[in-house]
Amino acid sequence: MVFLKNQPPELTSISTNVDTTKKDSQKLLVKVSANGAIDPDGVITSYIWYYTTESDKEPQNIQITQKPEITFVLPNITEKYFFWVILEDNDGARTNSTNNSNEQV
């Protein structure tokens, strides 16, 4: 019997897009996308999203989706946001976007 080693999901980059039509003094709407997200030997079953800020490195607003994109509603503050995603496949392997973070002011 041959057992194949599970290959973790792969990610090219993360991109962000601020919805300027809904931007105001209180909030920002930021669409975050996982670009090039694939699992070479299965399927990605969940995308675990969160962000950090310059002053707070702890994960904030953790959300799980089954699609490679999410929209965050964020306080409109003068701090940089850093967005992250963890991809999980059907065999439980995870890939973190640690080297693919993107920031938004």
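Me: How many bridges join strand 3 to strand 4, and what makes these two strands count as paired?

Reply: In this predicted model, 4 bridges join strand 3, residues 44-53, to strand 4, residues 60-65, and the two run antiparallel. At least two bridges are required between strands, so strand 3 and strand 4 count as paired. One of the residues involved is Tyr51, whose bridge partner in strand 4 is Gln60. Strand 3 and strand 4 form a hairpin, with 6 residues between them.

Me: What elements does the protein contain, and how many of each kind?

Reply: The protein has 8 strands and 0 helices. Read from the N terminus, the order of elements is β-β-β-β-β-β-β-β.

Me: Why is Lys22 called partly exposed?

Reply: Its relative accessible area is 46%. Buried means under 20% and exposed means over 50%, so Lys22, at 46%, falls in between and is called partly exposed. Lys22 is found in the loop between strand 1 (13-18) and strand 2 (27-35). Leaving aside residues up to four places away in sequence, Lys22 touches Lys27 and Leu29.

Me: What makes the aromatic pair of Tyr47 and Trp49 stacked?

Reply: The structure holds 7 aromatic pairs. In the pair formed by Tyr47 and Trp49, the distance is 6.2 Å centre to centre and the angle between the planes is 15 degrees. Ring centres must lie within 6.5 Å to pair, and planes under 30 degrees apart count as stacked; therefore Tyr47 and Trp49 form a stacked pair.

Me: Why is the pair of Tyr50 and Trp84 called stacked?

Reply: The ring centres of Tyr50 and Trp84 are 6.3 Å apart and their planes stand at 15 degrees, so this pair is stacked. Tyr50 lies in strand 3 and Trp84 in strand 6, residues 81-89, so the pair ties together parts that are 34 residues apart in sequence.

Me: How do you know whether Tyr47 and Trp49 are buried or exposed?

Reply: The relative accessibility is 6% for Tyr47 and 0% for Trp49. Because buried means under 20%, Tyr47 and Trp49 count as buried. Tyr50 and Trp84 are buried too. Across the protein, buried residues make up 36% of the 105 residues.

Me: Which residues form one aromatic cluster?

Reply: Tyr51, Phe72, Tyr81 and Phe83 form one aromatic cluster. Tyr51 is also the residue whose bridge partner in strand 4 is Gln60.

Me: What box do the C-alpha atoms of the protein fill?

Reply: Taken along the principal axes, the box is roughly 60 × 25 × 20 Å.

Technical notes. Residues numbered from 1 in each chain as written. Predicted model: local features only at pLDDT ≥ 70, side-chain atom pairs only at ≥ 80, totals over all residues. Heavy atoms only, no water. Buried < 20%, exposed > 50% of the residue type's maximum accessible area, 1.4 Å probe, protein only. Contact = heavy atoms within 4.5 Å. Phe/Tyr/Trp six-rings, centres within 6.5 Å; stacked < 30°, edge-to-face > 60°.
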